[in-house]
Amino acid sequence: MEENPRKGNIFKYIAYVLIAAAVIGFAIYFLTPKKLTVAEGKNMLLFIDNQIIDIDRNLKSDMSKQDIATRLSWHKSNTSLYNEVRGSKDKVIKPKAEILEKKIVQVQTKEFPELRTAYVKSKKEVLGTQQITIALSGPKNDTLIFNGAIFASEKSKDAFLDNIKPIIQDLRFKKVVYKWSDKDSSDYKVRAKPDAEI
């Protein structure tokens, strides 16, 4: 007795529909923001309010007494908090997240040019012992300039860039220029966020 081929196809389609429904169900479950409990909501609001107060305090003060690593860490913690609350649909948290966003952008646009200046100052003496000078350029201090005979070698430039790449990305430099004579130089664009991007 022969089986009806249509019957086999129906089961195949039913299986496809069930698999698709399961995938959609999992996606909805894992990608939909979870509602915060009242206590979690209060804690989140407290974190946001404290961070806004901290940012306001730092906007009014001079942060240059802190070391670069501490200042960068502070900016990263701001970003982490913002990333945690930015998509919130909660009617109390959402407007606070928008205020936090504005404050973070404000402090970053003030602070990152200053951080880049501090970085260059901190490296002048060390690089000077290797016959390398370091300087800044650009309206936002976002071009880093190194000058030294060592940079005539492509291999030296690549090795030097590999060593400094994490910090220059963290400090949001846009370009690194290597000079090894009055006429010879090369520059590299750095993939880093703009100062106003969280």
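Trainee: What relative accessibility does Lys 76 have?

Mentor: Lys 76 sits at 46% relative accessibility, so it counts as partly exposed. Buried means under 20% relative accessible area, exposed means over 50%, and partly exposed is in between, with a 1.4 Å probe and protein chains only. The model is a predicted one: local features need pLDDT of at least 70, side-chain atom pairs count only at pLDDT 80 or more, and totals for chains, interfaces and linings use all residues. Residues are numbered from 1 along each chain as its sequence is written, and side-chain values use heavy atoms, with hydrogens and water left out.

Trainee: Which side chain meets that of Lys 76 in a salt bridge?

Mentor: That of Asp 170, at 3.2 Å, N to O. The two are 94 residues apart, with Lys 76 in helix α3 and Asp 170 in helix α5, so the pair links distant parts of the chain. A salt bridge here is a side-chain nitrogen of Lys or Arg within 4 Å of a carboxyl oxygen of Asp or Glu. Helices are DSSP runs of H or I, at least four residues, and strands are runs of E, at least two, numbered from the N terminus.

Trainee: And what is the relative accessible area of Asp 170?

Mentor: 28%, which makes Asp 170 partly exposed.

Trainee: Changing topic: which residues line the second largest pocket?

Mentor: Lys 76 and Asp 170 are among them, along with Leu 72, His 75, Thr 79 and others. Helices α3 (68–85), α4 (93–128) and α5 (154–170) each give two or more residues to that lining. A pocket is an open set of points on a 1 Å grid over the protein atoms alone, where a 1.4 Å probe fits, with protein on both sides within 12 Å along at least five of seven lines; lining residues have an atom within 4 Å of a point.

Trainee: Which helix gives the largest share?

Mentor: α3, with four residues.

Trainee: How many salt bridges are there in the whole structure?

Mentor: Eight. Another of them joins the side chains of Glu 111 and Arg 71, at 2.6 Å, N to O. Glu 111 is in helix α4 and Arg 71 in helix α3, 40 residues apart.

Trainee: Are Glu 111 and Arg 71 buried or exposed?

Mentor: Glu 111 is buried, with a relative accessible area of 1%. Arg 71 is buried too, at 1%.

Trainee: Which residue pairs with Asp 56?

Mentor: Lys 103, in a salt bridge of 2.8 Å, N to O. Asp 56 belongs to helix α2 (residues 38–60) and Lys 103 to helix α4, 47 residues apart.
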